[in-house]
Amino acid sequence: MSSPISRIPRQRPAKCWFASRPQASIRSTATVRAGYYPLLGEPPFILGWDISGTVEALGPGVTGFKIGDEVFGMPRFPKQAAAYAELAAVPADQIALKPKGADHLQTGALPLAGLTAWQGLVRHGRLKSDRRVLVHAGAGGVGHLAVQIAKARSAYVVATASPGKLDFVRKLGADEVIDYTKGDFTDQVRDIDLVLDPMGGDHAQRSLKVLKRGGVLVSLLDVSDNTRAQAGARDIRVERMSVVPDSEGLLELARLIDANKLAVHVAKSFPLDQAGAAHAFLATKPIGKVVLSL
């Protein structure tokens, strides 16, 4: 497999490299393809942000990596990274060395969801040990990683899940798992310091009921002015976050994996030329992540 170095300067000369034989996860790209999040404008465009592969070539001025290094990352988000491809040219300051404790299939599923969980809990939520955390959708791509990250930071973790996924979330280490089909979660948990909400809808407003005064609500989706006003009346901080490329965060995720404190659950992998089938499978709401591979 070749990758002509002459192509690199057209991208970003001082900070680009090529990765060969990448893996790419698809959960976020399915929503972009469907038009729910038109990050890339009107088609045609090449989907994908998560990558994991081997450095094939280096642009001028790149330091910290060498040809043959195994790396992973989430380049350029929310701009086009074109990860659904055999080769990807990306900024070298937006990737990190792959953890030794995971293969490319797993690390290809990690960056976007893992950084979302990490940044949500640690950067935006300022999570400290012994805090009580509620993670909505604890079996999802972001949720199953957030549960583990929170436990690794010595938090008490409550998570919501559907009936068929309760045992999976318990095995991740959650201290309490709530079946959200059996009553309102606001009647089943109290005194939460931090809520991570990837759900949207009325989840943000309802989550205020379980938060302590002075707690934090971190939402991956927009939060209404009314919800913000209610939160402010109780000194609850509301953080509307969007994940960003973060090499330091990638290194933290890699350390957790190598310390056996974080594992990525891959529900199924598909060849790159079966991306359509992978998106269809994702619609069945599998546990964890779905990955494309070469």
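The side chain of Gln-148 reaches 2.9 Å to the backbone oxygen of His-144, a polar contact in the sense of N or O atoms within 3.5 Å, where one must be able to donate a hydrogen and the other to accept it, and where residues adjacent in sequence count only if both atoms are side-chain atoms. Keep in mind that this is a predicted model, in which local features need pLDDT of at least 70 and side-chain atom pairs count only at pLDDT 80 or more, while totals for chains, interfaces and linings use all residues. Residues are numbered from 1 along each chain as its sequence is written, and side-chain values use heavy atoms, with hydrogens and water left out.

Gln-148 sits in helix 4 (residues 141-152); helices here are DSSP runs of H or I with at least four residues, strands are E runs of at least two, and both are numbered from the N terminus. With a relative accessibility of 8%, Gln-148 counts as buried, since buried means under 20% relative accessible area, exposed over 50%, and partly exposed in between (1.4 Å probe, protein chains only). Not counting residues up to four places away in sequence, Gln-148 touches Leu-172, Lys-261, Leu-262 and Ala-263, contact being heavy atoms within 4.5 Å.

Let's follow helix 4 to the sheet. Helix 4 lies across strand 6 (132-135), strand 7 and strand 9 (192-197), and runs at about 165° to strand 7. Angles run from 0 to 180 degrees between N-to-C directions, and axes are lines fitted to C-alpha atoms, for helices over the stretch in contact. The open sheet has six strands in the order 8-7-6-9-10-11, with parallel pairing. Strand 8 (176-179) and strand 11 (237-240) are at the edges with a single partner strand each, so one side of each has no neighbour in the sheet. Strand 7 (residues 156-161) is joined to strand 8 by four bridges; two strands pair if DSSP finds at least two bridges between them. Ala-159 has Val-177 in strand 8 as its bridge partner.

Now for a pair of helices. The axes of helix 3 (residues 111-124) and helix 8 (residues 247-258) come within 10 Å and cross at roughly 100°. The two helices are therefore roughly perpendicular to each other, the term for angles of 65 to 115 degrees, whereas under 35 is roughly parallel, over 145 roughly antiparallel and the rest oblique. Among the residues that meet are Trp-118 and Arg-123 in helix 3, and Glu-252 and Leu-256 in helix 8.
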